[in-house]
Amino acid sequence: MNRRELLIGAGYGLGMLGLASCSSISKTRSNIHTRYRHYAPLKSTMQRVTHSEVGLRPFRPEGYRLEREPLAHKTLVHNYGHGGGGISLSWGTSTVAAQLASQPRVKDIAILGSGVMGITTALILAQEGFDVTIYADDFPPNTTSNIAAALWLPSSYFDRNIVTPAFLEKDRHIIRGSFSRFLGYVNVPRYGVSWHNYHLLLPQARDSIRQLPGGNDLYPELATSTEDNLFGYPYQSYMKALIIDPMLYLPALLQDAQIAGAKLKQAKFENLDQVLALKERVVVNCTGLGASKLFADTSMYPIQGQLTHLLPQPEINYAYVVPTPEGYLYMFPRKGSIVIGGTAVKRAFSTEPDQKLTARMVQGHAELAKNLMR
Ligand SMILES: Cc1cc2nc3c(=O)[nH]c(=O)nc-3n(C[C@H](O)[C@H](O)[C@H](O)COP(=O)(O)OP(=O)(O)OC[C@H]3O[C@@H](n4cnc5c(N)ncnc54)[C@H](O)[C@@H]3O)c2cc1C
């Protein structure tokens, strides 16, 4: 089995989508007695589109950078480069970053960046009694973290041909630690973290399921089936998965950090001299893709992804990912919208939504939904 196919999450998509692929999907016969007849079909029409947005995943082929580095008279701690898995990994890597930043113990700590990494690291350190200031160019709702589809399934954050066994070993602990922290936020309305039925659908039957990130016990009800699947696909991997709404989660976490004493300062760092001029002796670098320029990390590049938001459908509590010949289509429900997406374009820097792509995605999901309406 191709591991990449089974690991697909929202942070992971390939290429562009196309209508041709969707028409071939709709030819797949769906069983009228399917066990999913109680699922409400997605109303995927252009009239229900509220907006589209484009985000740049901070991809680093060797995996995220999580280490301490001396920089002149300061101690720098790096926590960046989480690709398409940063929301999922955030509690795990930020806990390690906070530990690295708290030894040797100093009073004041600067956090650069206010995406999910900066906020989570700041919260942990502020709750431990440090005087924390978050310096960032953008704050929620204007960060890449706000754009994430935010399925809890760590994926697409290293190149399998480059990553080391040592990284993967540490990563497993980080994934597990991160998952356990997210559990504490489930169904607390202000954080927007909840369980949903998740279906990965494939056009060919596969053999048994492989290990998912962190271990299969992190994915309740994990099962595969080769008949009577959602939309009539020949193969399905099903589980319960956490979906996080970053538009609720990030402001709530930022508020928690401020209540714990973290201060916020708008600042854009153009070079290392400006970082060195900060009053704090310990600096945690959570600048995401910004680290490539600020810290001259030439290995990192963006993987661009476009998401479209449809009007909410509270009756939908399932999510899916389906492959198309040119990429993937995925759908994740939130309280405030239905998120559809599936694109991942390497080294593309534009953050302008492509309206033709929006139309193709809407059409592709509409064709899938027809299989539930028969
Ligand atoms: C379309 C899409 C779908 C995704 N889906 C998922 C998913 O389903 N699950 C998942 O786990 N992850 C997903 N991700 C990945 C996730 O969004 C990222 O890994 C994560 O947001 C990275 O967080 P971060 O805090 O490192 O960076 P960011 O959110 O980009 O935050 C960086 C911060 O640093 C600041 N900054 C940068 N440079 C400077 C500078 N020079 N001076 C001052 N401030 C600076 C910025 O202003 C910002 O505050 C997705 C991403 C995209 C784009």
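## Before you start

Because this is a predicted model, local features need pLDDT of at least 70 and side-chain atom pairs count only at pLDDT 80 or more, while totals for chains, interfaces and linings use all residues. Residues are numbered from 1 along each chain as its sequence is written, and side-chain values use heavy atoms, with hydrogens and water left out.

Helices (H or I, at least four residues) and strands (E, at least two) are DSSP runs, numbered from the N terminus. Buried means under 20% relative accessible area, exposed means over 50%, and partly exposed is in between (1.4 Å probe, protein chains only).

Let us begin with strand β8, residues 235-244. Nine of its 10 residues are buried, so the strand is largely enclosed by the rest of the structure.

Two strands count as paired if DSSP finds at least two bridges between them. Strand β6 (residues 193-202) runs antiparallel to β8 and is joined to it by 10 bridges; here His-196 stands opposite Ala-241. Strand β7 (residues 223-225) also pairs with β8 in the antiparallel sense, over three bridges, and Thr-224 of the model faces Ser-237 in β8.

## Strand β10, covered on both faces

In a regular strand the side chains alternate between the two faces of the sheet. Which residues lie on each side of strand β10? Val-282 and Val-284 are on one side, Val-283 and Asn-285 are on the other, and all are buried, which leaves both faces of this strand (residues 282-285) covered.

Two parallel neighbours can be found here. Strand β3 (residues 74-80) is joined to β10 by four bridges and runs parallel to it, with Val-77 opposite Val-284. Strand β4 (residues 108-112) likewise runs parallel to β10, with four bridges, and Ala-110 stands opposite Val-283.

## The nonpolar cores

A nonpolar core is a set of buried Ala, Val, Leu, Ile, Met, Phe, Trp, Tyr and Cys residues joined through side-chain atoms within 4.5 Å. The largest one has 71 residues, and Tyr-198 and Tyr-249 have the most contacts inside it. Helix α4 (residues 116-127) gives the most to this core, supplying eight residues. Apart from it lies another core, of 23 residues, including Leu-201, Leu-230, Leu-357 and Leu-368.

## Around the ligand

A backbone N or O atom of Asp-138 lies 2.7 Å from an oxygen atom of the ligand. Nitrogen atoms of the ligand are reached too: a backbone N or O atom of Phe-269 lies 2.9 Å from one, and one of Ala-149 lies 3.3 Å from a ligand nitrogen. Taken alone the ligand exposes 1000 Å², of which the protein buries 95%; these areas come from the Shrake-Rupley method with a 1.4 Å probe, and for residues only the protein chains shown count as cover.

## The loop between α2 and β1

Pro-41 sits in the loop between α2 (19-27) and β1, and is partly exposed, with a relative accessible area of 24%. Pro-41 and Leu-368 are 327 residues apart in sequence, yet 8.7 Å apart in space, C-alpha to C-alpha.

Ser-44 belongs to the loop between α2 and β1 and is buried, at 7% relative accessible area. The side chain of Ser-44 reaches the backbone oxygen of Val-362 at 2.8 Å.

Most residues other than glycine have a negative phi, and most peptide bonds are trans. A cis peptide bond, however, joins Pro-140 and Pro-141, with omega about 15°; Pro-141 is in the loop between β5 (131-136) and α5.

Ser-156, not a glycine, has a positive phi of about 60°. Ser-156 lies between α5 and α6 (165-183), in a loop, and counts as buried at 15% relative accessibility. Asn-187 also has a positive phi, near 60°. Asn-187 is in the loop between α6 and β6 and is exposed, with a relative accessible area of 58%.

Conventions: A polar contact is a pair of N or O atoms within 3.5 Å; within protein, one must be able to donate a hydrogen and the other to accept it, and residues adjacent in sequence count only if both atoms are side-chain atoms.
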